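Subject: Structure handover

Hi there,

Here is the structure I promised to pass on to you. Have a look at it first, and then read on for what turned up when I went through it.

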Amino acid sequence: KILSDKGLPKAVEYSGENGWKDMIDKEDLDLVYICSPWDLHTPMAVYAMEHGKHAATEVPAALTIEDCWKLVETSEKTRKHCMMLENCCYDFFEMLTLNMARNGMFGELVHAEGAYIHNLLDLNFNKKGYESMWRLKENIDYNGNLYPTHGLGPIAQCLNINRGDKMDYLVSMSTNDFQMGPEAVKRAATDPFYSEFVGKKYRGNMNTTTIRTTNGKTMMLQHDVTSPRPYSRIHLLSGTKGFASKWPDPERFAFGEEWMKEEEVAKLSEKYTPPIIKHVGEIAKKIGGHGGMDFIMDWRLIDCLRNGLPLDQDVYDAASWSCIVPLSMKSVKKRSSSVDI
């Protein structure tokens, strides 16, 4: 409909269980852009690369350690890019703080925090929310940080993870589930559709995962998509010279024990806003997509591919950021014992 409304030819349609394979087999594609349920991210990306296409996949790129290795090994073997589409790395404040970190404004970064705190309880239980209730099912029997990369990606870049430092080990702890189980019972009382979701072992409301890097830095990640609270990805950076945080609002900086004044923040932002934001930031805001960061991410991906540049997020980032999913589950299951990354 979007194409026809603009007077463009109708797109070729592929459907069915293996429609995506048919498309990859038949079409002369440069890039396969994957926005499917989580369990299909790795097989679709691997298949695309094995058939001569670059792959860009929604988050997380993989759900198991085995699949993380599949992505890395296939990308290396085929010489094809595999990017995880972590759009939060391209949000305006995250890009600003990354540029500031690279210019030494925070001194030596010591600690960083990120999160995905977003009340999705109603959406996860909504019959029209996700096809075949796939996202609700992902919350059953998997207790850990199921969605770490929105918070992790931006702070990992600021800490030069995989580019001078690496994540060494983690410790992960989850609360009990206090809402998803009761929600299933409440809905099943008036709608038998929800009966299959009663009595299941849901992941805890809040998961907190701490990570230590090889260079002695620490990160803290949180995941809570059930509790009734304001949205937050935290995005906190703490260094030997300065501090930044995005949530709770407003976005703030400190280079001592006092917060910078609003006019001082404006001057700092003007000085350290990266070139990509100055180049496409305004059009990104107009087109939208999570406030414009989706547009910036796609623009940058295409720019890199067209000009033969290394991607901002490569397959090693996709694997190392995604592996927090299974490793956090492993730690929780082992009474929050440390787990090597």
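This is a predicted model: local features need pLDDT of at least 70, side-chain atom pairs count only at pLDDT 80 or more; totals for chains, interfaces and linings use all residues.

Gly 281 is itself one of the buried residues of H11, along with Ile 276, Ile 277, Val 280 and Ala 284. Just after H11 comes Gly 288, with a positive phi of about 90 degrees.

Now for the overall picture. The protein chain contains 14 helices and eleven strands. For 341 residues, a compact globule would have a radius of gyration near 20 Å, and the value for this chain is 21 Å, which agrees. Along the principal axes, the C-alpha atoms fill a box of roughly 55 × 50 × 40 Å. Of the 341 residues, 50% count as buried. If we take the contacts with a separation of 6 or more, 71% of them are between residues 24 or more positions apart. The accessible surface of the chain is about 17,500 Å², and carbon and sulfur atoms account for 51% of it.

I think you will enjoy the aromatic residues. The structure holds 14 aromatic pairs. One of them is formed by Tyr 231 and Trp 247, with 5.7 Å from centre to centre and 70 degrees between the planes, an edge-to-face arrangement. Tyr 231 sits in the loop between strand S7 (218-224) and strand S8 (236-239), while Trp 247 sits in the loop between strand S9 (243-245) and strand S10 (252-254), so this pair ties together parts that are 16 residues apart in sequence. Are the two partners buried or exposed? Tyr 231 has a relative accessibility of 30% and so counts as partly exposed. Trp 247 has 15%, and because the cut-off for buried is under 20%, this residue counts as buried.

Another pair is made by Phe 243 and Trp 259, whose ring centres are 5.7 Å apart; their planes are at 55 degrees, so the pair is tilted. Phe 243 belongs to strand S9 and Trp 259 to the loop between S10 and helix H10 (262-272), so here too the pair ties together parts that are 16 residues apart in sequence. Trp 259 counts as partly exposed, at 41% relative accessibility.

Tyr 231 and Trp 247 also belong to one aromatic cluster with Trp 38, Tyr 116, Tyr 130, Trp 134 and Tyr 147.

Next, some backbone details to check in your viewer. Trp 247 is joined to Pro 248 by a cis peptide bond, with omega about -5 degrees. Pro 248 is in the loop between S9 and S10. Another cis peptide bond runs from Asp 249 to Pro 250, with omega near 0 degrees, and Pro 250 also lies in the loop between S9 and S10.

Ile 234 has phi near 60 degrees and is placed in the loop between S7 and S8. With 12% relative accessibility, Ile 234 counts as buried. Arg 335 likewise has a positive phi near 60 degrees, and its place is the loop between helix H14 (324-333) and strand S11 (339-340). Arg 335 is exposed, with a relative accessible area of 79%.

That brings us to H14, the helix that Arg 335 follows. How many of the ten residues of H14 are buried? Eight of them are, so H14 is largely enclosed by the rest of the structure. The buried residues of H14 are Ile 324, Val 325, Pro 326, Leu 327, Ser 328, Met 329, Ser 331 and Val 332.

Happy exploring, and do write back with any questions.

Best wishes

Terms used. Residues are numbered from 1 along each chain as its sequence is written. Side-chain values use heavy atoms; hydrogens and water are left out. Buried means under 20% relative accessible area, exposed over 50%, partly exposed in between (1.4 Å probe, protein chains only). Helices (H or I, at least four residues) and strands (E, at least two) are DSSP runs, numbered from the N terminus. The radius of gyration is taken over C-alpha atoms; the globule rule is 2.2 Å times the number of residues to the power 0.38. Contact means heavy atoms within 4.5 Å. Accessible areas come from the Shrake-Rupley method with a 1.4 Å probe; for residues, only the protein chains shown count as cover. Rings of Phe, Tyr and Trp (its six-membered ring) pair if their centres lie within 6.5 Å; planes under 30 degrees apart count as stacked, over 60 as edge-to-face and the rest as tilted.
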